[in-house]
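Subject: Model and salt bridges

Dear colleague,

Here is the structure I said I would pass on. My notes on its salt bridges follow below.

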Amino acid sequence: MKCPSCQAPLHRILYEGMPVFRCMQCHGYLVGQKRLEGIQASPQTSIEGLKKEVIEESRPDTLEAIRCPRCRRKMDKRFIEEPASMYVDMCRECGHLWLDGGELARLQLAHEMKPQAQEARRFQQRLRTMTAEERAEFEANIAKLPGDNEALPLVLEMLSRGDSL
Ligand SMILES: [Zn+2]
Ligand SMILES: [Zn+2]
C-alpha cells in the first residue's frame, strides 16, 4: 500500500502494541478504528514521548480528498472533537482512518491527559482573573505538590499559549 498523501510505501509497524501502517516519509498513519481504541486503551509511550512526536512529526492536514490505501475509495473528511479537535480522513468502506503526521500522537496525548486537561480548564478561568503576584504564588504552589506532576508543566504551557488540547 502507498501513502495517500505522498505516495511513499506504507510500513506495517506496532504503535502502542497495535499493528498500524506508517508512512516513513510524511509520518502519517493508517489505523483501523478498533486498533485506535486499542491504542487508547493501552498507553505505553510517555507523555514526553508523545509530545516529542507531536512536535517533530506534525504535518499540515491534507486538504484535497484522498483515496483509502486499502480499498481505493475516496475518504471522507471528518471533524472530531474528542479527545482532540482535528480533521481526519475516514474510509466508509473499510472503516480505516488516515491520520496526518503528528495527529495520532495528538489524539493519544489528549486522551492520556484528559483528567489533567479537565482540571486545567476548571482553573483556566481563575488564572485569567489572577494578578501577576497571585499567579506566581499559585504556580509556586503547584511546583511544590508531591507525586506525579509530569503532565502539569505541559498543561500550564499549553494554557499560557491559549491552546486547546
Ligand atoms: Zn506519506
Ligand atoms: Zn478503505
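Lysine 77 is partly exposed, at 33% relative accessible area, where buried means under 20%, exposed over 50% and partly exposed in between (1.4 Å probe, protein chains only). Its partner in a salt bridge is aspartate 89, at 2.7 Å from N to O; the term requires a side-chain nitrogen of Lys or Arg within 4 Å of a carboxyl oxygen of Asp or Glu. This pair links distant parts of the chain, with lysine 77 in strand S4 and aspartate 89 in strand S5, 12 residues apart. Helices (H or I, at least four residues) and strands (E, at least two) are DSSP runs, numbered from the N terminus. Aspartate 89 counts as buried, at 1% relative accessibility.

This is a predicted model, in which local features need pLDDT of at least 70 and side-chain atom pairs count only at pLDDT 80 or more, while totals for chains, interfaces and linings use all residues. Residues are numbered from 1 along each chain as its sequence is written, and side-chain values use heavy atoms, with hydrogens and water left out.

The count comes to 6 salt bridges. Another of them joins arginine 73 and glutamate 93, with the closest N and O atoms 3.1 Å apart. Arginine 73 lies in the loop between helix H2 (47–57) and strand S4 (76–80), and glutamate 93 in the loop between strand S5 (86–90) and strand S6 (96–99). Arginine 73 is partly exposed at 33%, and glutamate 93 is exposed at 51%.

Lysine 34 and glutamate 37 also form a salt bridge, at 3.9 Å from N to O. Both lie in helix H1 (residues 33–41), 3 residues apart, about one turn of the helix.

Regards

Methods:
Chains are lettered from A and ligands numbered from 1 in the order in which they are written.
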